[in-house]
Amino acid sequence: MAEKFKVTPWEVRGNIDYDKLIKDFGVEKLDDPLLKRIEKHTGKLHHFLRRKIFFAHRDMKFILDEYEKGNPFFLYTGRAPSGHVHIGHLVPWMFTKWLQDKFGVELYFQFPDEEKFLFKQNLEWDKAQEYLHENMLDVAAVGFDPKKTHFIVDSVHAGLMYKEAMKVAKRITFSTTKAAFGFGNETNIGGIFYTAMQAVPAFLPCILKKKKMPCLIPHAIDQDPHFRVSRDVIPKIGFYKPASIQCRFLPGLGGMQQDGKMSSSAEETTIYAIDDEKTVRKKIMKHAFSGGKDTVEEHRKHGGNPDIDVSYQWLTFFEEDDGRLRNIYEDYTSGKMLSGELKQILADKLNGMLRKHRESREKAKVEDFMLSEAKFK
Ligand code: TRP
């Protein structure tokens, strides 16, 4: 039975019905003809596209039309510091890196260091700044091309951002933010204004480069309300409507029914990018919701259910090899593979991925990525 679920930029809960979200939000499904068209430019599609983990979009056709006419887009995505980065956060960033590599385009990565400060009662400014610096290392560690990637930090780049945010804010009423975000009279005025700041990187590069360029925003579906609002405003100030491409959430270890989205504050059911190998294995063995049967005999006889099994679901995000994934699916459903074995496969996979992440994070230099106006002169 469909349970109640909720998806806003500030709260995600329940068992999420993505088809319903497509309708409610008014985004379009990423269909096969569109995927084929992307494949023409990228070669073999990223497994996030093959498996519909990125499942929806706005104006992707426009992005491809312009690209094919020789008018390339730039990428824009972001991260509001409020805690440690977890493996769910890495999903859109890994995909953004793939897009950057395949299309050879620039990326503008926003760190709105005021956002979570404004929306989280207990987050102090200085703490958010600590997370900012930590989080920037995690983003750099994803492997973006430093020559083509620019970090925008709202409080650092305020001189550039504020003027542009005003142009956006002037065209958004309180009543629009009420409808889009559920704000009310109790919402603090910083929070009401914030969406204007998130709109700016979707056109700031055009100002820096004095050139009208299309913008593509890869993001998790919960951020769509921001862009639904800014897509109406940005053309009014002389730029293209930003296009977007949306992914679903990586569920927490407790399972899709319990937590449709991994949450930084639920430590036991979250794997952080900086968790060591023992911690990763322990969390998975202990907390990963299993689709296996209660006893080995029953499991051997009837097999497990990968559709509700978090370890299997996570492998659909992180095991790139379709053949290997198919074998795991078959072995698990037939009962040949036990739940504990499936968990070990997942732990090995994640530990391999996170080992690389940690190594790359050690070497990362945030300065190499910071947006500097001088570079555009
Ligand atoms: N609001 C996002 C968060 O909570 C951060 C963000 C800023 C963002 N700009 C973005 C996310 C653009 C996706 C795309 O983390």
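Author: One term before we start: a salt bridge here is a side-chain nitrogen of Lys or Arg within 4 Å of a carboxyl oxygen of Asp or Glu. Also keep in mind that you're looking at a predicted model.

So, who are the partners? Where they touch, domain 1 puts in 22 residues and domain 2 puts in 31.

Now the contact itself. Together, domain 1 and domain 2 bury about 2,300 Å², and 64% of that is on carbon and sulfur atoms. On the domain 1 side, the residues that lose the most area to domain 2 are Arg51, Ile87 and Leu253, which together make up 35% of what that side buries.

Back to those salt bridges: there are four between domain 1 and domain 2. Asp138 also pairs up with Arg361 in a salt bridge, with their closest N and O atoms 2.9 Å apart.

Which elements of domain 1 do the touching? Those giving two or more residues are helix 3 (47-50), helix 5 (87-103) and helix 7 (125-141). Helix 5 has the largest share, with five residues. Sort the domain 1 side by residue type and you get 13 nonpolar, five polar and four charged.

How values were computed
Residues numbered from 1 in each chain as written. Predicted model: local features only at pLDDT ≥ 70, side-chain atom pairs only at ≥ 80, totals over all residues. Heavy atoms only, no water. Contact = heavy atoms within 4.5 Å. Buried area = accessible area lost by both parts, 1.4 Å probe. Helix = DSSP H or I, 4+ residues; strand = E, 2+ residues; numbered from the N terminus. Nonpolar A, V, L, I, M, F, W, Y, C, P; charged D, E, K, R; others polar.
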